[in-house]
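Welcome, and please open your viewer. Let us walk through this model one selection at a time.

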Amino acid sequence: MNIVSLSAGCCLFATGPLTEPVGVVHYLIVGAILFTAGVVCMALKRNALGVLMGIELVLNGANLNFVAFSSPYLRGAGSATLGLDGQVIALFVILLAAAEAAVALAITLNFYNNHSTVDIDRADDLKG
Amino acid sequence: MDLESLLPMLLGLAWLTPLASFVAILFFGPRMGPHGRNAAWVATAAIATSFVLSLAAFVFWLAHHPVQAVDHGGHGSSHAAAASANPFRTVALADADAHADEHGNATHAGHSPTAYSGDWYTLYQGGRLKLSIGWYIDALTVLMFVMITFIATCIHIYASGYMHDELHDVTDHEVHLADGHHLHRPGRFCRFFQALSLFCFSMLGIVIAGNLAMVFIFWELVGICSWFLIGFYFERQSASTAANKAFIVNRIGDFGMLIGLMALWGALGTLHFADHSVQGEQQPGLFSLVRPAATGHALQVPDGMVAFAAADDVGRIARAHSDDPAAGVHEVAGKIDGWRNLGVGQWLLFVAGIGIFCGCVGKSAQFPLFVWLPDAMEGPTPVSALVHSATMVAAGVYLVGRFYPVLTPDVLLVIAYVGAITLFISATIALVANDIKRVLAYSTVSQLGYMMLALGVGGWLAGLFHLVTHAFFKSLLFLCSGSVIHACHTNDMRKMGGLAKVMPWTAGTMLVGCLAIIGAGIPFVIGTSGYYSKDSILAQALSFSQANPAHSILYWAVAGGALLTAFYMFRLWFMTFAGSPRDHHIAEHAHESPQVMVAPLIALAVMAVVAGWTLPGGFGIANLLEQARPAGTDVGGAGYFFSTLRIPAEHESHVGAIHITATMTAFLTAAAGVLLAALMYVWKLISPGMVAAMFRPLYTLLSNRWYFDEIYHALFVSPVLAVASLASNTDRGVIDRFIDGVAWAARQVAGIDAWIDRTIVDGLVNATANATWNTGLELKKLQTGHLRQYVMFIVMGTVALFVLASLLLRNSFAG
């Protein structure tokens, strides 16, 4: 049933905007756009801070997916859980993203101290 | 402490002290003073201690067993034995005539010598055989201990002077090296005294031994010691050959001895001389087996030998009584006497006796194994003195004397003939020898022949008496010759002469030795030690030849030998000391030897004179020996294989008629020999050269030592060498070549294996490693270090995975 409604969402999106109420599919679409934008940002930015921002985008795209998939529409009735799994994991991800950002910024700062630049193309000391 | 425990302790200590010295010098010799100088003191002190201990044992023995003139068969006439040895015996002789006939018929049964025996240490015990280190001590043992340790002490003292050259580096002028120089080597002072100590220990071991196995052990030890000492200058080809010769010739004799030992052990199961206890059970020894007290110590073939020789019959009886072994044993026991009377087992006893005698032939240098002894002169002179007097050669005669009760009259006849041949051949060789030590060597062989002959004709006492007296004067003669060699640096008598003026002490003491060896004395009044011992040998030989006219040649051998002895001994003395110097260079450099060498000469000279005397009251070596006379040997005996043979009892030779003849013969032959020597070498009335020319073939024969060495070389040495070289060629040509071939083949196979290993196995492994390595090198290039590329890879990879999954799992999604 879930898969049916998902494909139905896709079809609705294709037929015309905003003719249907906002559903799970919309969230997933936004998440996917965010994820892709993040990946592209990571792949194209030469500035380390830009890459970090891309990472944030990827993480938040994923977060959006978690939250979306935890929607009651996708869950069958009679589940024993509270229905907050996605949100909880999203909180964890935010937390981890903060920690990761702290570490990554520290690395970047150190890299800057050593190389006077944050251009990641110059950070190829670990090449094989 | 009673004598029975005191004697083994004293003599045991006397025996072991030289061993202690040997061990001490072996380990600490080079550290004993500069160049090991003090090793001489250690060895001398050890042997002197032995002498003192032996002397103490001797005194204790005399205190418990006072020596008295021997009373033959309770006739109350003590003159007979005394007459043989008493310097004051003219009175006794008249008495001897009066009792002559009584003595001829006297029978002596039940006499048994005082002897103490026991074991210190058991080596092995199985069945009735007990191999042990033990003692058998009687008057003969004690006397031999005193004699050996006394002479050895003199020789040790003498050697500490004689061997002083060895204290520093030695240049041996007789060894030419390949580069034309003489051999230069470190001195071997310690080594000499070390071997000397071991030699004394071994010899004393033979004398004290309580069983034949122990005798054999020390017999071989003496052999190896002689090898060390004769080969002392082993760099000299002649010395190492002589050492090997002595050792190998002795092994030939020892082979016979082993046969004798096996015959005794196989048939009797024991090698002990005396009765002994095995695991708490009293067992009869060899002596009481062969001469049981039950038969009055008359010789008989022991039960064991009879049963052994009649093994077929015994087996048949055992099979017949297989159901009841006890009855079989009983039947055999009942038949033993019958078999014995038939002569069963006689040959076994004969073989045992001849076997043991074979060992003595080797050790005591008898014909045909005497060839080693003259060559043994290659050793230093003190060694010659020791080997030729108190030790080694004495061992053979001693063993015949010790083993005497077991020797049958047939064996004794063989011994007598061997002795006679030896004494004649070696005396004739000594006539023409020009090497001073060789003359003495052949005279030793000759005198040993005398002893063997004496023992063989029934003169147990005569033979051993001569052994003791000969030990004194022969060691004296050798030490004197050593003194001469020390002064002249040559052994050749033709270069000596006139030395009496420069070496008065040596000349005087050597004259005493010569007089002793020819048995000089005033007939029936007094004489040197040789006078008494030689007289008793002559008397016994005469008595024997009267009893066995067929064997009277033995007497003529003794008498002729006495003539030759006198001639060659005085030829030696005259050539060396009398007249004017032949070589002035040598005579000018000659000098009297140091006191440390002269002192032993004087001590030995005194002994050479007095050793044969019997003091008033009966004390003397002859009467002391009489105490040790083996049970049953005082009655003579009859031959079994030589059925007409009759060995006369020794006391029969003390009969006046025989004794006067013997003494006069000895005196006249000795006088004739000395006179002849004086005619040829002092007054020069007869030219030795002319005599030699007159008897040219004989002279050639004698100066070539009867061609014995050449004959042995052709008969034995060459064939052995031929077989050895054949074996060696087989070894090298066939066996070695085969083994080499196998090795070569193995090497080839191994080569192939190595190629396979290196090329194929290693190749595979290396190829794998190389592939991995190259792959790694290629893959390394992917690690560019560019983060953005990595991101691209991740993205592309993810996309690729999705595409792959969608392609592959298309069917799964279909549902």
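Two residues count as in contact if their C-beta atoms, placed from the backbone, lie within 7 Å. Keep that cut-off in mind as you go, and remember that this is a predicted model.

**Stop 1: the domains of chain B.** Colour chain B by its four pieces: domain 1 (3-264 + 346-703), domain 2 (285-342), domain 3 (706-773) and domain 4 (784-815). Now select domains 1 and 2 of chain B, whose C-alpha centres lie 40 Å apart. Where they meet, 14 residues of domain 1 of chain B are in contact with 12 residues of domain 2 of chain B. On the domain 1 side, pick out helix 14 (residues 346-363) of chain B, which gives the most to that surface, with three residues. Colour this side of domain 1 by residue class and you will find eight nonpolar residues, six polar and no charged.

**Stop 2: where chain A meets chain B.** Here 12 residues of chain A are in contact with 12 residues of chain B. Select helix 2 (residues 24-44) of chain A: with three residues, this helix gives the most to the side of chain A that touches chain B. That side of chain A holds seven nonpolar residues, one polar and four charged.

Stop 3: Select helix 4 (residues 85-115) of chain A. How far apart are its end C-alpha atoms? They are 43 Å apart, which agrees with the 45 Å that its 31 residues should span at 1.5 Å a residue. Finish at A:Ser116, which follows helix 4 of chain A and has a positive phi, near 55 degrees.

How values were computed
Residues are numbered from 1 along each chain as its sequence is written. Chains are lettered from A and ligands numbered from 1 in the order in which they are written. This is a predicted model: local features need pLDDT of at least 70, side-chain atom pairs count only at pLDDT 80 or more; totals for chains, interfaces and linings use all residues. Helices (H or I, at least four residues) and strands (E, at least two) are DSSP runs, numbered from the N terminus. Ala, Val, Leu, Ile, Met, Phe, Trp, Tyr, Cys and Pro count as nonpolar, Asp, Glu, Lys and Arg as charged, and the others, Gly among them, as polar. The expected span of a helix is 1.5 Å times one less than its number of residues. Domain bounds come from an automatic or database domain assignment.
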